[in-house]
Amino acid sequence: MDIQTLQQFNWSAMTPEFIILGVAALLTLLDLFIPKHLDRRILGWIGIAAILGAIVSVLSLAGGQVTSILHDTFRLDSFAIAFKLLLLAGSGLVLFLAVSYEPKDGMEEYRGEFYYLFLTALLGAMVMTSSGDLITLFIGLELLSISSYILAGIRKYHVQSNESAMKYVINGSISSAITLFGMSYVYGLTGSTNLLEIAKGLLTVQDTQHSYLLGLAFLMIFVGLSFKLAAAPFHMWAPDVYQGAPTPVTAFLSVVSKIAGFVIVIRILLTVFGSAASVGHPNQPILLDMQDYIAFIAGVTMIIGNVVALRQSNIKRMFAYSSIAHAGYILVALTTLSSNMFYSIWFYLLAYLFMNLGAFAVIQVVTEKTGSARIADFAGLYKRSPVLAVIMGLLLVSLAGFPGTAGFIGKLNIFLGAFYGEPHYVLASIMIATTVVSYFYYFGVMTQMFFRPASDETGKFNIPFGIIVVLVIAVAGSVLFGILPNTAFDFMTNNLNNLADFFS
Amino acid sequence: MNLHWILSILVFSPLLGIVVLALLPKTQEKVIKAVGLLATVPALLLALAAYLHFQWGKDLADFAVSVPWIQFRGMGTQEPVFSVYYELGMSGFQMLLVVLTAVVATLSAIAAAKFVKKEWKGYFMLFLLLETGMLGVFTAENLILFFIFFEITLIPTFFLIGKWGYFEREKAAYSFLIYNGLGSAVLLIVIMILFGKTGTTNIDLLTQMMADPNVPLSSDLKLGLLIALLIAFGVKLPIFPLHSWMLKVHVQAPPSVVMIHSGILLKIGAYGLIRFGMGIFPEQFKTLATLIAVLGVINLLYGAFLAFIQTDFKMVLAYSSISHMGIVLIGLAAMNEAGVQGAIFQVVSHGLISALLFFLVGVLYERTDTSLIENLGGMAKGMPIAAGFLLAGALASLGLPGMSGFVSEFMAFLGLFKELPWVAAVGTIGIIMTAAYLLRAVLGMTYGKAHREFTGVLDLKGVEFVPVVVLMLLIVLIGVYPSVLSAPLQTTLETIMLGIGG
Amino acid sequence: MSSVPASAFLALALILFCIGLYGALTKRNTVIVLISIELMLNAVNINLVTFSKYGLNPSITGQIFALFTISVAAAEAAVGLAILISLYRAKKTVNIDEMDIMKH
Amino acid sequence: MGLSTKTGRCQALLGFDKIRVVPGTARRGIVIMMENAWLIPLFPLLSFLILLLFGKRLKEASAYVGILFTLASLVYSILVLFERFSEPTYGTNFEWLTIGDIHLTAGFEVNQLNALMLVIVSLVSFLVHTYSKGYMNGDERFPVFYAYLGLFTFAMLGLVISPNLLQTYIFWELVGVGSFLLIGFYFYKEEAKAAAKKAFIMTRIGDVGLFIGMILLFWQTKSFEYSEIFKAVDAGAVSGTMITLTAILIFIGAVGKSGQFPLHTWLPDAMEGPTPVSALIHAATMVAAGVYLVAALFPLFQASKTALLTIAVIGAFTAIFAASIGLVQTDIKRVLAYSTVSQLGYMMLALGSAGYVAGVFHLMTHAFFKALLFLAAGSVIHAVHTQNIEEMGGLWKKLKFTGPLFLIGTLSISGVPLFSGFFSKDEILAAAWEGGHPILFFLALIAAFMTAFYMFRLFFMVFTGKPRTEMKNVHESPANMTYPMMLLGVLAIVAGYVNTPWFGSFLGDWLVDGNPRLGHAHVEGPIWIMIAATVVSLLGIFMAYLMYYKRSLARNWLSGTGDTLHTILTNKYYVDEFYQLTVIAFTKGLSYFLRFIDVFLVEGLVKGVVGIVQGLGRTGSRMQSGQVQTYGAVAFIGLALLAVIYALTGGYLR
Amino acid sequence: MTFSGEFLAFMGLALVAIIGGVLLLNLTKVVHMVVALIFTFVAIAGIYVLLSAEFVAAVQILIYSGAITIIMLFGIMLTKHDDESEPKTGKWRKLLVFLGIAGFAFAVYIGIYNFNIVQVPTTLHENNTMQIGKALYSKYIIPFELTSALLLVALVGSIILAKNEKKEGDSE
């Protein structure tokens with residue numbers, strides 16, 4: 001393969017990645033060379049600018065044909081664009097949080113590093129969305145993971161941060177190993193790492209042992225990747241890590257990292273296992289065979305997430321469980337494999353992005369003010385800062401899935417999928433029952449904010465600019481997509497071709 | 001004349017009040033109260049205008065509005081079908097409930113201006129949101145829109161109870177939230193199954209489709225859906241044994257909220273059962289009629305017997321609500337014109353009566369800091385007018401002819417006696433028990449030796465007369481001349497009867 | 001052609017994977033835990049390389065995948081160790097069961 | 001929607017379209033009075049409303065408002081009655097409530113019975129209004145009293161011109177409320193409170209019977225109209241069992257209102273109300289409504305022998321049962337109350353024996369003499385401020401008007417010949433005998449004896465002998481109290497002559513005119529019945545004379561204080577206690593049992609579910625031990641579990 | 001199955017690898033464990049050679065036996081180690097983990113014990129390194145470049161985390 005061959009590829013499809021990568025490198029250098037005493041926040045703003053640039057370039061790429069570079073090691077299809085947008089938007093908001101992040105014991109020394117490590121993590125996530133090759137996907141995954149490990153531990157004189165990073169890295173490595181173990185079998189049964197080739201190769205699996213092994217590989221990959229989703233059974237790291245990590249990182253983990261996780265899960269499971277023939281049912285792909293397992297995992301995830309969240313007294317831990325629960329909801333959509341699955345997952349993640357990041361923005365402000373993250377610290381927030389309290393209330397309501405907010409429409413989509421075609425009564429019932437359970441803890445925060453008196457009424461909150469931006473966007477998004485969800489649906493239908501090019 | 005926008009204005013007009021309130025400073029107590037009260041007026045006027053519109057012989061369908069709203073994508077070949085419209089409409093039945101809502105809301109606002117002692121701004125904002133939710137519930141023409149408004153009522157109510165209630169308010173608020181959350185969860189499942197199976201949530205369309213044998217819903221599934229609906233609305237109504245939340249709410253919530261809650265919110269359950277349960281699944285409803293009748297009688301008697309031994313008047317009223325909602329069930333179970341009309345009458349009538357009684361409870365509590373029957377004994381001495389209205393309210397509640405309660409009770413039993421005379425006969429014990437517990441409670445409070453000094457200006461005064469008199473007049477009006485309600489209902493009844501095939 | 005069946009290599013990989021896993025989940029020393037994870041990744045590599053030769057469609061890709069895995073494993077080990085050191089600074093212990101300030 | 005329906009609905013709302021004359025009774029003559037008979041009840045209603053709104057300002061002048069409006073009713077009633085003498089029944093209806101294709105109507109009808117009742121009610125009401133001005137003088141809730149009286153009168157008048165069962169039921173209940181309010185007029189008295197409550201609830205038990213009966217009848221005949229019902233019954237459209245069932249159920253309503261056994265206990269207690277109220281409601285009008293109801297539905301009852309027999313038996317039993325209690329009571333009003341119960345029993349007996357005319361006749365005479373007795377008793381109480389007859393005595397001289405008037409009433413009720421009570425009682429006895437109930441006849445006879453005895457016991461103890469306690473300031477009541485009594489006294493004497501075996505049965509003929517179903521105008525009993533009745537009553541009087549005037553016979557010669565019989569009687573056969581121990585205890589018990597269910601089962605269930613959820617949460621959070629290896633282990637064990645399950649079920653092992 | 005040289009080599013290498021692993025689990029001194037694992041890593045390299053993957057084998061030796069083991073030893077030296085004692089908690093966990101692993105191994109083993117596919121001759125052993133190089137720099141150029149970013153991140157990250165900028169005294 002010579003340089004001409006390389007040049008014939010449409011490398012412009014990778015513009016967003018290049019922007020992020022380039023700016024990450026630029027930030028590294030800047031961090032080295034600009035004087036120590038200068039505020040590293042400027043790097044953050046550059047990062048935000050880079051993300052905006054990337055968003056623009058992604059949007060300009062939307063609507064085109066599938067671009068495939070080098071045997072799909074890079075692949076830009078509608079699916080990739082749709083989710084890349086989510087990742088970029090999420091990361092952008094997180095960066096806004098990060099530039100306003102002022103923890104008590106300071107993070108000044110590593111602020112510069114934070115920004116470029118953050119961008120590389122984003123890069124990893126973006127690569128995960130747009131690749132049709134196991135190796136690239138894996139590298140993207142690891143790039144995201146390793147960056148996240150470091151980000152989680154970046155407050156290195158903060159024991160909790162260290163511990164959370166340690167837990168994260170150990171669990172993450174085990175999960176990588178398990179995923180890889182599964183992938184190795186998939187490779188073994190097809191001799192290729194290209195997803196579409198794998199799919200083609202698996203169309204005709206004759207040997208029942210092979211399809212059995214594929215099933216096992218499915219389980220391993222799925223369980224391994226459930227680490228990224230923070231879904232059962234690989235969910236237990238989440239609370240500890242969320243609690244210990246710096247708040248923007250927690251926000252990042254709970255939103256961007258999770259979106260990336262779903263992207264890779266969908267990509268691998270649907271292409272590889274969506275076409276592989278299964279034992280005994282030659283016409284039925286393994287994925288359908290495995291539906292019960294996904295359903296089981298989804299159900300358990302929702303139950304654990306919602307039920308254990310009831311017992312939490314730390315807001316960040318509570319949100320960890322809440323994010324576990326939300327992963328469970330999205331897994332329900334995945335389980336149903338209905339034709340609106342892409343829509344419902346994408347929309348849910350979109351809604352989740354706004355409401356969760358908004359909530360984390362409030363959490364960040366409040367925890368910085370009080371120096372701890374107890375839910376009880378929210379007491380009397382309504383008295384101290386009505387605006388914050390009302391916004392938080394709105395976001396919590398959205399998280400709980402009440403109508404008028406994006407969270408509701410997201411759930412509606414999932415339900416529609418669950419009952420359309422072959423109905424999944426049990427799973428949907430679990431989902432809705434646990435949703436009701438979730439009212440307890442979401443409204444528990446409300447109780448603190450609105451009903452309880454503040455421990456000290458002194459001190460106004462001054463809300464930094466970055467937080468204001470996040471809050472405005474989050475509230476606008478949560479409400480807009482709750483009232484006019486068609487804006488999002490139309491965008492997807494008109495620009496993204498219904499994600500129909502996913503399998504081709 | 002194009003009247004499509006009227007309903008939207010009617011439903012969303014309280015939101016304007018919210019906006020204005022949001023801009024007002026917290027401390028302007030008087031202005032806030034005035035704005036809160038005024039914001040309920042447009043809805044009231046429009047509702048009354050709609051009533052007149054009907055009475056002038058014009059068609060209520062003039063108000064119907066239908067605008068495409070959400071299209072759920074990715075539903076394969078049935079692409080255009082899975083869409084939700086923003087559609088509001090008004091039948092005679094809905095109009096009555098809208099009028100009821102608007103009236104009670106305005107009166108409740110007066111009560112709130114009187115009884116709420118703190119943070120009026122927040123109170124009225126939530127209150128107005130609640131009103132929008134309620135109005136929306138009764139005008140929504142498709143299930144999803146209905147559900148949205150239904151849920152919208154939950155949140156403000158939660159806060160209104162939890163923040164402005166009495167001692168155990170938070171517990172009550174949670175109880176309310178979780179029970180109703182579960183109820184609406186079940187409801188959502190039903191809605192989504194219907195949506196998923198048929199591709200529409202328009203109520204009229206669904207009604208037609210369910211009558212069509214080609215629709216791919218097995219009768220077992222329909223029965224299951226109806227039972228689910230019964231549970232969903234049973235929580236709201238409430239039906240035994242799903243009632244315990246409601247007791248807490250009645251006791252703990254501030255009186256102005258209980259007026260709304262008992263007057264309107266509980267009625268959503270009845271509305272849902274009639275409109276969706278009976279409307280969409282008439283055949284299955286017939287299958288369950290006996291069960292529903294028995295449930296109704298259980299409700300009626302259970303509430304009555306328990307109300308008989310309560311020491312707190314609020315508890316008496318709470319159990320009495322359970323009991324009275326039993327009559328709604330009884331009427332529905334009859335599945336004939338008389339029964340259904342009786343149920344609807346009971347919905348309206350109980351809305352007015354309980355609003356009246358709870359307003360009076362609010363007055364009493366404000367003056368005496370108690371609602372215990374024993375502590376209030378002999379209050380007729382100190383506050384004769386209040387006592388008089390209390391007694392009148394109780395008489396209305398126990399179904400005294402000439403007041404609204406009787407007409408509804410009468411029709412409900414009239415209906416059920418035709419279909420299930422034995423069940424109905426057992427139910428009539430409830431009529432006696434109602435008299436027994438209400439008189440026990442009300443006489444216990446008003447009559448007898450006064451246990452305490454009722455000195456100072458205690459009796460009703462000034463603006464407090466407005467809700468009391470208005471409600472009383474309406475109660476008597478309906479009781480004396482029930483055609484004000486029955487005339488608008490006939491079309492609705494015909495439709496329902498057509499579905500039942502009776 | 002080989003006299004050693006592919007399943008033998010696979011079985012070896014499986015055994016090593018299990019040993020690594022057992023070590024990762026039971027050993028108390030964090031360094032050993034990290035090393036055990038490396039062992040697991042090694043097992044994966046054996047699989048990949050085996051399939052590269054004895055798979056359904058033998059190709060060089062397996063070996064390449066293994067190389068990527070190795071490099072990622074190295075990076076992970078490095079980062080893991082770095083985190084361990086920074087944690088050690090605070091807690092003066094490398095015992096994994098003492099890392100439990102955040103729980104429940 | 002067609003234009004016609006719209007206008008139709010519009011008219012329906014205003015209620016004009018459906019006004020129609022009852023078929024067959026359309027009339028060419030000028031019936032201006034009857035056409036507007038609906039005004040009669042409206043006068044008192046107006047009075048009620050005016051007093052409710054402006055009573056406080058009118059103060060004592062309220063009385064004039066009440067009296068004036070009632071007078072209007074009275075005058076109008078009399079005019080209507082006279083018109084009814086010459087014209088046939090007039091009735092009219094308009095649509096009241098539409099239920100699908102069921103159209104319920106409201107309206108009024110003036111037939112003989114109704115016209116008669118209108119006069120009785122408005123007359124007694126007018127007299128009581130007048131009387132009360134004196135009696136209630138000085139009470140601070142004077143206007144309220146008149147307002148209540150107005151309400152009651154309205155309801156009672158409405159009741160007696162109702163053309164259908166539903167409307168009857170409506171006014172039936174309203175009458176009950178009026179009674180309830182007036183019994184509880186002295187609301188600060190615990191006894192009044194209890195009595196009011198009891199009255200309402202016990203009559204409501206009866207009302208439910210009426211309610212059920214009425215509805216069942218509706219579904220049998222598809223109408224509430226009396227005329228339609230009778231038509232259906234005549235046509236045999238209703239099965240015999242159904243007739244019996246509905247008739248008995250409706251009779252239960254009458255039992256409640258008219259204080260028949262076993263629902264009689266509220267009536268004596270109702271004497272807690274002001275005495276004029278007792279005269280109006282609990283003697284003359286409302287309690288007679290039960291009798292009126294049975295009379296109004298007489299063709300229905302006649303269609304069922306069983307129902308009639310039931311009525312007769314209950315009536316006779318009540319008559320003697322209440323009379324026996326009356327023998328030993330010491331409260332002047334209670335004696336009268338039990339006598340009322342007993343007399344109502346008489347009327348029921350009459351109706352049950354198919355003696356329609358006898359029943360209505362006695363209803364009328366009883367209204368007059370019992371109202372008289374109560375008003376006189378009120379006058380006595382007004383004078384001496386006690387109700388205990390043991391504390392009275394020798395009032396004959398002090399109360400110049402009241403004494404003789406009371407005596408007239410007593411003579412009349414005792415059935416002394418030439419007084420009105422004599423004729424009506426005789427009619428009843430004859431009806432019972434002819435109706436084929438010899439046993440009931442003898443019961444009635446004994447009751448008549450008892451009546452004479454206890455009434456004269458009352459008379460002698462109150463008016464003769466020496467005062468048993470010191471009484472000061474005993475003076476005759478003012479004129480506005482005595483005049484009404486005098487009028488009633490006259491009526492108590494002469495009212496009987498409208499229907500006598502000697503001068504012709506004018507009333508009877510008129511009542512049954514055009515209605516052969518109602519039976520004979522006059523039952524011709526054997527002559528010995530009249531003699532027996534006279535003898536029995538005179539015997540009673542004589543015995544009372546011996547015991548309480550001459551005192552030649554010891555008061556306890558048969559049974560005195562402390563004896564079993566006496567104790568039983570003074571305790572009214574322990575019926576109240578029996579109810580207390582059974583019905584009320586059962587209700588309370590059930591309530592507490594249900595509360596147990598509510599607290600433990602319903603709440604317990606909820607707590608259980610919440611507990612499970614929280615328990616799960618607790619377990620989950622305890623598993624979150626902070627041990628990273630546990631986390632990994634859980635994840636891996638989860639995977640292993642899935643893998644094993646897969647191997648065992650989904651794999652090719654399957 | 002014949003006892004060919006290849007088979008014997010495999011058996012030997014596999015045995016060493018497994019023994020190394022078992023020793024890792026059973027030794028008490030941390031350093032001993034790491035050293036035991038070196039045997040495993042080297043044996044695995046041998047296996048790679050058997051599988052015609054010379055380049056991977058070389059990398060394995062360099063990176064695992066060399067680099068990674070060395071960092072681990074550094075790590076061990078930089079931190080203080082008690083003698084490996086049994087953790088206080090986790091008897092049950094150990095048992096459960098063991099059972100889980102047994103179950104997992106069983107399930108997977110069913111899948112692979114009879115893994116039969118028609119073996120086709122490969123050219124992997126011919127110019128192995130060149131083949132890899134060509135593939136890496138053409139087809140897999142994107143992941144390859146990404147890996148460089150990844151390694152850079154790991155490098156920088158490790159430095160920031162491990163470097164102690166504070167004085168000894170105020171680190172606590």
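Where in chain D is D:Ala354 found?

Reply: D:Ala354 is found in the loop between α16 (332-352) and α17 (356-384) of chain D. Helices here are DSSP runs of H or I with at least four residues, strands are runs of E with at least two, and both are numbered from the N terminus.

Before going on, a word on the model: it is predicted, and local features need a pLDDT of at least 70, side-chain atom pairs count only at pLDDT 80 or more, while totals for chains, interfaces and linings use all residues. Residues are numbered from 1 along each chain as its sequence is written, and chains are lettered from A and ligands numbered from 1 in the order in which they are written.

D:Ala354 isn't a glycine, yet its phi is positive, near 70 degrees. D:Ala354 counts as buried because it has 25 C-beta neighbours inside 10 Å; the cut-offs are 20 or more other C-beta atoms within 10 Å for buried, 12 or fewer for exposed, and partly exposed in between, with C-beta atoms placed from the backbone. A:Leu337 sits in the loop between α14 (315-336) and α15 of chain A, and it counts as partly exposed because it has 19 C-beta neighbours inside 10 Å.

D:Pro262 is in the loop between α10 (240-257) and α11 (266-269) of chain D. Over in chain B, B:Leu237 and B:Pro238 are joined by a cis bond with omega about -5 degrees, and B:Pro238 belongs to the loop between α8 (219-236) and α9 (244-252) of chain B.

Now zoom out to chain D as a whole. Its secondary structure comes to 26 helices and 5 strands, and its C-alpha trace spans about 115 × 70 × 60 Å along the principal axes. Of its 654 residues, 61% count as buried. Take contacts (C-beta atoms, placed from the backbone, within 7 Å): among those in chain D between residues at least 6 apart in sequence, 81% join residues at least 24 apart.

One helix pair in chain D deserves a look. α19 (residues 420-434) and α20 (residues 438-463) of chain D pack at about 155 degrees with their axes 8 Å apart; axes are lines fitted to C-alpha atoms, for helices over the stretch in contact, and angles run from 0 to 180 degrees between N-to-C directions. α19(D) and α20(D) are therefore roughly antiparallel, on a scale where under 35 degrees is roughly parallel, over 145 roughly antiparallel, 65 to 115 roughly perpendicular and the rest oblique. D:Lys425, D:Ile428, D:Leu429, D:Ala432 and D:Trp433 of α19(D) meet D:Pro438, D:Leu440, D:Phe441, D:Ala444, D:Leu445 and D:Ala448 of α20(D). That contact has 10 nonpolar, no polar and 1 charged residues, where Ala, Val, Leu, Ile, Met, Phe, Trp, Tyr, Cys and Pro are nonpolar, Asp, Glu, Lys and Arg charged, and the others, Gly among them, polar.

D:Ala444 turns up again in the largest nonpolar core, which has 800 residues; A:Leu216, D:Leu372 and D:Ala444 have the most contacts inside it. Such a core is a set of buried Ala, Val, Leu, Ile, Met, Phe, Trp, Tyr and Cys residues joined through C-beta atoms within 7 Å. Helix α15 (residues 341-370) of chain A gives the most to this core, 22 residues. Leaving out residues up to four places away in sequence, D:Leu372 touches D:Leu405, D:Ile408, D:Gly409, D:Met485, D:Leu488, D:Gly489 and D:Ala492.

Last stop, the neighbour. Chain D has 13 residues in contact with 11 residues of chain E, and the chain E side has 7 nonpolar, 3 polar and 1 charged residues. Chain E itself has 6 helices and 0 strands, with 36% of its 172 residues buried. Of the 8 pairs of chains in contact, C and E share the most contacts.

Note on methods
Two residues are in contact if their C-beta atoms, placed from the backbone, lie within 7 Å.
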